[in-house]
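Have the sequence and the 3D view ready as you read.

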Amino acid sequence: MAARRFLATLLAVALVGLGLGTGGWLLALRQSPLHQARQALSVPEAARFIPRRAPLTLHWFTAADWPARYAASVAPTRRREQAADALRRLRDGLFASAGLDYGSELAGWLGDEVSLSVLEPREGDAPSGWLLALRSRDEEGARRFLQRFWQIRSLAGADLTVSSYRGMGLISGRGSLLGSPPRPLATALINDRLVLIASGRGVLEEALDVSQIDELNLAADPDLGAAVERLGSGVGLLTARGGGLDRWLAVPSTLSDRGPQASLVAAIQPQDRTLAARVLLPWPAQPSPALSPSPSAAPATKPAATMVTSAELLERAGRGFDALALIDQPAALLQATAAGDPDGRPGVPSPWVQGLGPILRGVLDREAGPLLQRLARADAGPLLLAWRQDGWLVGTDRDQPPLAELSERLRLDGLAESPLVLDEVPLRIWSRLAAAPGRSGRLGELDASLVGARLEGEGRQAWWSNRLELLRDHRLQPSQPGPEVRRLQALDAERAPVALTLANPVATSLLSRWLPWTLLQGLAAQPLAPVVEGLDLVLEPLEPDAAERPLAELQARLRFSG
């Protein structure tokens, strides 16, 4: 009997210990930065105070110190502190730009929801500026912050005005961080938990106005609600509308038939050492054929079933390239470019070409030359461009573009065509003939410089390059895909009209011309290019939403080095 009681006690202790251990493990897992990276998106409470006309808003759904903790958890051991410190500087710089010191004013009470809205003036006397919404972890934290916030600025000589608007208490005045010029500020406390800080009393009054009218605030925007449901998860939510698309994100608002009412919604989510964004973009009701959700275009003389596919080109792309661009229908996409077409056609630039042009031309024109230009503008698709510093390699269907037509255009460009046998494999090459200077100012012997060559690959493929060595290596290397190809395959690039994967420094060269990237480096007070490994972009049209609005999804992944 005693033995039985002992065993029962031992079993009970073991079960309690197991339960406590499991509970502790689940609690630690829930609080882990990696767990918090996977959470459902929602429309934040602060959106009720943000005007729907706001050109740019950013909502963050984790604690302000979470990005630094996450970076430390995924970075290599030797770089953990460096990664965390970079994110801390970025966080501190963001709050300092609003006149706030994170360490002394926010760290003790700030919760897991921060919203920032940038506003532009309306027609009339509405001011421009910004609105910051901070959610407190408890009721007392927000009150203590506001009391200390204005007490410090009052002691520094700021004139404060306490008033009431729509039943809410407002405090306004001029304040700043030590060493910075004073600036207008206004604050309000909502339901003891939400602190609104605005760049002036007028901005704050507009925020309280729109909170009373669903047709004017962002929280009741049906487009935003549908986009959040479609995107699903993320730690950040970005919205842009009208002029904010062009001014802040370099995305033309004319991409949609809705014009100035066009809007963009993006979900931001870290994945290991990658910052991923899923972006819902406005889509033209009648987009270019190159951007329609359809199989690769084929010439009328050849059935689509006999065309090479994007997947087949990717499988033979090889490895070791600084950039890969997969374009489903390059000729259709580029046919509407502005002046500068090699055939002299002026054309009318379409909004999508304007938006994609800088990226595509940055890759396609990396090595200037008539062959690559002619090839891209004459190929019905698909086309795969692989580029590295010593040359480019292009994969196409073996009948695309039509060789006779292309040869004639290249002849008019002054290129000479001739056959060549390389390692017992027939090639077709194009070269430019130039007379070398001779004695006494006379022309010497003709010198031929290689412009490009064409090799018929396996099956339905043809491969082009401006270097014979690249064609030789491509023919001899095994067909196992490299990491560049696997990244595009993971994003279903074979189904997309346009897909790019860029390594550094090509990626940072593109990012350096993007305003948000410049602002981030300024807030972090350090260059971010050294930690960037690459950038992946895949653009694909979607089925219309519930309101029958055509949409497209851009998947962007910014990869950081280990």
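Before we start, a salt bridge here means a side-chain nitrogen of Lys or Arg within 4 Å of a carboxyl oxygen of Asp or Glu. Also, buried means under 20% relative accessible area, with a 1.4 Å probe and protein chains only.

This is a predicted model, where local features need pLDDT of at least 70 and side-chain atom pairs count only at pLDDT 80 or more, while totals for chains, interfaces and linings use all residues. Residues are numbered from 1 along each chain as its sequence is written, and side-chain values use heavy atoms, leaving out hydrogens and water.

Now find Glu484, which sits in helix H16 (residues 483-490). Helices are DSSP runs of at least four residues and strands of at least two, numbered from the N terminus. Glu484 is buried but has no salt bridge; Arg487, the nearest side chain of opposite charge, is 5.4 Å away. So what does the side chain of Glu484 reach? Two backbone nitrogens, listed here:

| Backbone nitrogen reached by Glu484 side chain | Distance |
|---|---|
| Gly320 | 2.9 Å |
| Phe321 | 3.1 Å |

Leaving aside neighbours within four places in sequence, Glu484 has contacts (heavy atoms within 4.5 Å) that include Leu324 and Thr501.

On to the strands. E12 (residues 383-388) is mostly covered, with five of its six residues buried. Strands pair if DSSP finds at least two bridges between them. E12 pairs with E11 (residues 323-327) in the antiparallel sense over five bridges, and Leu326 has Leu384 as its bridge partner there. Five bridges also join E12 to E13 (residues 391-397), again antiparallel, and a hairpin of two residues connects E12 to E13.

Technical notes
Buried < 20%, exposed > 50% of the residue type's maximum accessible area, 1.4 Å probe, protein only. Lys, Arg positive; Asp, Glu negative; His and termini not counted. Polar contact = N/O pair within 3.5 Å; in protein donor to acceptor, adjacent residues only side chain to side chain.
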